[in-house]
Protein chains: 2
Amino acid sequence: MGKKNLSLKDIAEKAQVSTALVSYVLNGREKETRVGQEIAEKIRQIAKELNYQPNYLAKSLRSGKTFTIGLIIADISNPFFANIARIVEDEAKKSGYTVIIGSSDENAGKSRDLIDVFINRQVDGFIIVSSEDTEDQVQNLLDKNIPFVLLDRHFPALPTDFVSLNNYKAAYEAGNHLIEGGYTNVGFIGYKSRLFHMKERIRGYQEALHKHRITAPPAWLLEVEFNTLEEIRTGIDKMLDARHRVNALIFATYRLAISGLKYINELGLRVPDDLAIVSFGQAEAFDLYYCPITYIHQPMDDLGKTAVEILVRKLQKPELIRTQVLMEARIVARDSSRSRITDVRS
Amino acid sequence: MGKKNLSLKDIAEKAQVSTALVSYVLNGREKETRVGQEIAEKIRQIAKELNYQPNYLAKSLRSGKTFTIGLIIADISNPFFANIARIVEDEAKKSGYTVIIGSSDENAGKSRDLIDVFINRQVDGFIIVSSEDTEDQVQNLLDKNIPFVLLDRHFPALPTDFVSLNNYKAAYEAGNHLIEGGYTNVGFIGYKSRLFHMKERIRGYQEALHKHRITAPPAWLLEVEFNTLEEIRTGIDKMLDARHRVNALIFATYRLAISGLKYINELGLRVPDDLAIVSFGQAEAFDLYYCPITYIHQPMDDLGKTAVEILVRKLQKPELIRTQVLMEARIVARDSSRSRITDVRS
């Protein structure tokens, strides 16, 4: 592509030294030679002036490394993943790695294509936010001994490195927080998904009800296929029509919450008096809403940084044992889940 | 990296045919041979069972193409760029291209690294949302005859293909909309930047004031270095303290608007009665705000799709002349800039 790159020979000619010496200097191995600091500096200067591009492919064949990490995220248009990508990049840069990113858009076929493309582009390893039905791709990476770390979502049956959230506990605490605040009829809106993190969120919510001996009618749990306003409208209508009408809602993702809040506004319901709200994920819209929304804070910084740390360590010492991290979320309680019980007492 | 790939020979052995035949079939060139449909199908089946990975590098050396586009965005954690990335991907996929993404994080050095990495990873061409001070990198791509299209931001002095917004006109219309709605004291909050699109937004705003013979004191125009709440607080304080206090504000990006609105809420100012608002960019927070925010709708879909179209055409016919597109934004008027003049009449 484009013009041919400048060769080491061109630099050697201009610096009036041997090609071998140029190669040693530009590969940072000048200490293996008797070359003086001054000559080394001169060679680097000329390389810079001539805009020399090292041949990464040749370099990587020698070192077996490209210092590139392939990051595959589940959906780039989801700010949660976009923000995590930024954190992964910043962190990888500190260890000298460049990150190239692909978005699988929650699609297993696209995820497979990206993994193939990145392998052929010789990334040193992967950080992956998995999409549904990609267990076989992950298994394939394990079989091929390709270094990778799963981020935010993992498959409990597969022996991989991963950094995820303790989703069960986070959802349990969200439910508990609402119930102890006097909202006993808690609904939950999530996705219909085979992914473990979503199943765990639902399980945590159900466990919170169970602990408080609350029996939830089926309408309280809504699992949507896609985040369409229509599906959410119908589901919320059912929750409000139910014999045991909900007085609080947990949203499993910030996107579901945005759609839900739009409909709640349309219905003219007041938060939290008519309906208390807790949502997973942090969003600007939660801060600017007339009644600031209580959210489950996911430690994005720690998630992203830890994934990079684990991968970089693996790349340096491939014999390392597996690292599996479940991080804790915390509830940031705000007006949208204001306790009713305090109101009664005061 | 990992185990050695399966060779064509392994497949040939298992299928009991020649290696050449396997190569023809797997490269979709079986019509050039006398091989029957059945044998071709058998070869493909075996390749699939053995999980054969075509050697893209060899393939790309033959065709001179990798069917990969490098997309460099200015900041992945900015939803505007993340959404555009998703659109570019979807559109590129339709033409058979895989997109790999890098984020320069508004940093010229990082942008340069990414361009190098992508060139060495043999992308066919680039789509770039440029960061400040990267004219030399763009010039370098031109010099090297590397196909690329600039997206959303361009350098007017450089003869490149690009798809951008008519930022001057968009800002002019925002100013005009406010002034004709009875808000004569319009402030503007943007970034201090050498980037053309930002300069154009400021120019458009100033032209709107000029047309209506409004003389703006210096405090009305705030150019911040970074989007820190502190800088924005101080700037808004000055606009409100000015002898000619502002009664309307234009924000040059949705992020500035989010910060600004947080402070406006803190001050207890009501939108639009105390302060009318128009912002560039679309954001969920604008919809959920108690007073829906008027925004300048940027045609993200068209921007992204057109950039891909132009690049794909270039890759197919490199001799094509330059394509430069300035798209029009439109104002979506909502409550935050409700006309005062109508109020007086009614």
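## Salt bridges between the chains

A salt bridge is counted here when a side-chain nitrogen of Lys or Arg lies within 4 Å of a carboxyl oxygen of Asp or Glu. By that rule, 10 salt bridges cross the interface of chain A and chain B in this predicted model. One of the salt bridges in the structure joins Arg86(A) to Asp105(B), with 3.2 Å between the closest N and O atoms.

## Basis and confidence

Residues are numbered from 1 along each chain as its sequence is written, and chains are lettered from A and ligands numbered from 1 in the order in which they are written. Because the model is predicted, local features need pLDDT of at least 70 and side-chain atom pairs count only at pLDDT 80 or more, whereas totals for chains, interfaces and linings use all residues; side-chain values use heavy atoms, with hydrogens and water left out.

For chain A the mean pLDDT (the predictor's confidence in each residue, from 0 to 100) is 89, and 91% of its residues reach 70 or more. Residues 1–5 of chain A have pLDDT below 50, and this stretch makes 8 contacts (heavy atoms within 4.5 Å) beyond near neighbours in sequence in the model. Where pLDDT is low, the predicted coordinates should not be read in detail.

In the interface, 53 residues of chain A are in contact with 53 residues of chain B. The buried area, meaning the accessible area (1.4 Å probe) that two parts lose on being put together, summed over both, is about 4,900 Å² between chain A and chain B, and carbon and sulfur atoms give 56% of that area.

## A charge over a ring

The charged end of Arg201(A) sits over the ring of Phe280(A), 4.1 Å from its centre, where the rule asks for NZ of Lys or CZ of Arg within 6 Å of the ring centre and within 35 degrees of the ring normal.
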